[in-house]
Amino acid sequence: MASELQDDDDAALILRKAVREVILRLRETVSEADPAPWYDVPTYEGETWAEGDAAGFVHRKKLEQLAKAKLKIALLSGDLVAQFSDGAENCDVPGWAWREIRLHDSYWFDSCIPIDPFLPDDWYRWSGHEISLDRRALNDWLAQADLASVGKPPVFPEPHDVAKKPLQITARLPRDSAFVTISEAVSWVAFGISMDQGRLSLALEGKGIDPTESRRNVSLAMAKLADRGTGGSIAMRGKYVATYLTDDRPLQTEPIDPVRLADFARFDVLHDGLAFGDGLAWIDDQASLDSVFDGRDDAYRNVTVNRAELLNAFPARFDDTKALLSPLPAALPGVGPVLGMEEALSWLAHGKPSDDVQLWQNALGWMQFRFSTGETFNVGEDSELPEHHLRYREANRVLWSPLQDGNLTAYVEQSPSRVLAVPRHYWNQVDPAHLDHVYRGMSDTDDGRGCPILLYRLAFDEWRNGSQSASVAWSDKKGRAPAVKAGRPPSDEEILAKADEMKARGLDGRTIAGQMRHEPGFENVATTEVRELIKGRWRPSGRPKQRGA
């Protein structure tokens, strides 16, 4: 056949040539039939490119759509595997990378595809690099593919390797430089992930994130950045151009007067610059160049931002809920099975992997907190710390010791291929009663910052079972009073006498009210009862308040 790939062809075909080979084979298979009745060729394309043969042009465009649909199905299902190439290395294109590639995208003929800009660097590095297919594999697939099946709209399967798609990163500091680009600064404020111009452009296009959300976040971030810049707390510099067509290469970089940032506060990702106005300069199908730039030609390009002042105004954000709500790896390469800090603390506090507090609504419509035993407790400024809280606080202290002295090593997974050990001296800066669940680093340039802290499960179990101190000996501590009370309740006079005794021990009124039921003989005294009895009993110390006139 005319479309048969010959032995003397190149060993690999770039993507656009592969598409053309499929088109040639389809042309022989479907003949004059409508190859894609589900696809309507845009009228403007026919008017522009038909060159007097409208019917022929429409048929060719439909063959093209069908060819790309057949290829996409094969690439998603794994029947065909393409390869990235950067000229020095090759990498298989995963099936999940084709999921968001649309049939009308130009990527098929550009022979490259974008990669989610929020993915780890070892994947994003292939974004925009040339893609090719092995010619023999393509020929084998063409020989057995059901190319004659036309008429119905294509149904694209889930990527065969969707479960292997890496998680999006959640933090990346601006690169270590005195000044960073405005794109790096804006993306840092918007997402907590610093991106260069090309990477941020993909995010604004909607790669890896909803485009409306992305553009809104960037617009808000630019407003925050401009506000700090106008106030003089973040220095910026750039090249001032009088018109769109000005060649900025010979221009000198100069400091931007903070006052100018009150007017030039519209982020222009195309030029890493600032245009007149505010928000985001973004050209879409409905926007004209004049409307995007408010009809003004002058602007700042190649804008850079003082990194130290940027991080001082917008420090790194750490979210411990990531370690609680995000899936954690079951094992780390080179380490073995692991567990997160929440599970480790629960083992120490309760002797089981979890002991959640429950939130209920009672018959009166009030919200109540309950322990796993079913007993309710109160929260608020006037409430004593519940046992659940105290147990975890003590468990934090118990776990801090082996981490600080090196008997236990903690780890973070920066990426599926990179596991880092948390430095032992890191724990010297951590409050023993409140251990971090995510690694915050020793400096703002440390790798692994923001990643959940993990412990080697076997080492933790060995330490916990072998150390007498590796448990919260709650029987020796103040826990909840017994749920079943016995004996005669003490009189008011006895309660007040005990309160005076506890006051003499240095306890304040709130602690006395909360802790009296832990005193022998006072187990069935309610906190509220004590609070009412001791109200106003002791004269406040310190300088008296001045009476009003």
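**Val30 and its contacts**

I looked up Val30 and left aside its neighbours within four places in sequence: Val30 is in contact (heavy atoms within 4.5 Å) with Pro35, Leu63, Leu147 and Val150. This is a predicted model, where local features need pLDDT of at least 70 and side-chain atom pairs count only at pLDDT 80 or more, while totals for chains, interfaces and linings use all residues. Residues are numbered from 1 along each chain as its sequence is written, and side-chain values use heavy atoms, with hydrogens and water left out.

Val30 sits in helix 1 (residues 15-30). I take helices and strands as DSSP runs numbered from the N terminus (helices are H or I, at least four residues; strands are E, at least two).

Is Val30 buried or exposed? Buried means under 20% relative accessible area, exposed over 50%, and partly exposed in between (1.4 Å probe, protein chains only). Val30 has 8% relative accessibility, so I wrote down "buried".

I also checked the gap between Val30 and Leu147: they are 117 residues apart in sequence, and their C-alpha atoms are 8.2 Å apart in space.

**The whole chain**

I counted 18 helices and 19 strands in the protein chain. The chain has 549 residues, and 42% of them count as buried. Then I took the contacts between residues at least 6 apart in sequence: 67% of these join residues at least 24 apart.

Next I followed an open sheet of five strands, with the order 12-13-19-17-18 and antiparallel pairing. Two strands pair if DSSP finds at least two bridges between them. Strand 12 (331-332) and strand 18 (418-421) are at the edges with a single partner strand each, so one side of each has no neighbour in the sheet.

Helix 13 (residues 341-350) packs on this sheet and touches strand 13 (336-340) and strand 19; the directions of helix 13 and strand 13 make about 75°. For such angles, axes are lines fitted to C-alpha atoms (for helices over the stretch in contact), and the angles run from 0 to 180 degrees between N-to-C directions. Helix 15 (residues 457-466) also lies across strand 13 and strand 19, at about 70° to strand 19.

How many bridges join strand 17 and strand 19? I found two, in the antiparallel sense, between strand 17 (residues 410-415) and strand 19 (residues 454-456). Ala410 stands opposite Leu455, and Tyr411 stands opposite Leu454.

On to strand 18: strand 17 pairs with strand 18 over four bridges, again antiparallel. Glu413 is opposite Val419 in strand 18. These two strands form a hairpin, with two residues between them.

**Helix 18**

Which residues of helix 18 (residues 527-534) are buried? I noted Thr527, Val530 and Ile534. Looking down the axis, I see the buried residues of helix 18 within an arc of 65° (taken from the directions from the helix axis to the C-beta atoms), so they line one face of the helix. They pack against helix 16 (492-504) and helix 17 (509-515). The face turned away from the buried side carries the exposed residues Thr528 and Glu532. Gly536 follows helix 18, and its phi is positive, near 75°.

**Cysteines**

Last, I looked for disulfides (pairs of cysteine sulfur atoms within 2.5 Å) and the count was zero. Cys91 is buried, with a relative accessible area of 17%, and Cys112 is buried with 17%.
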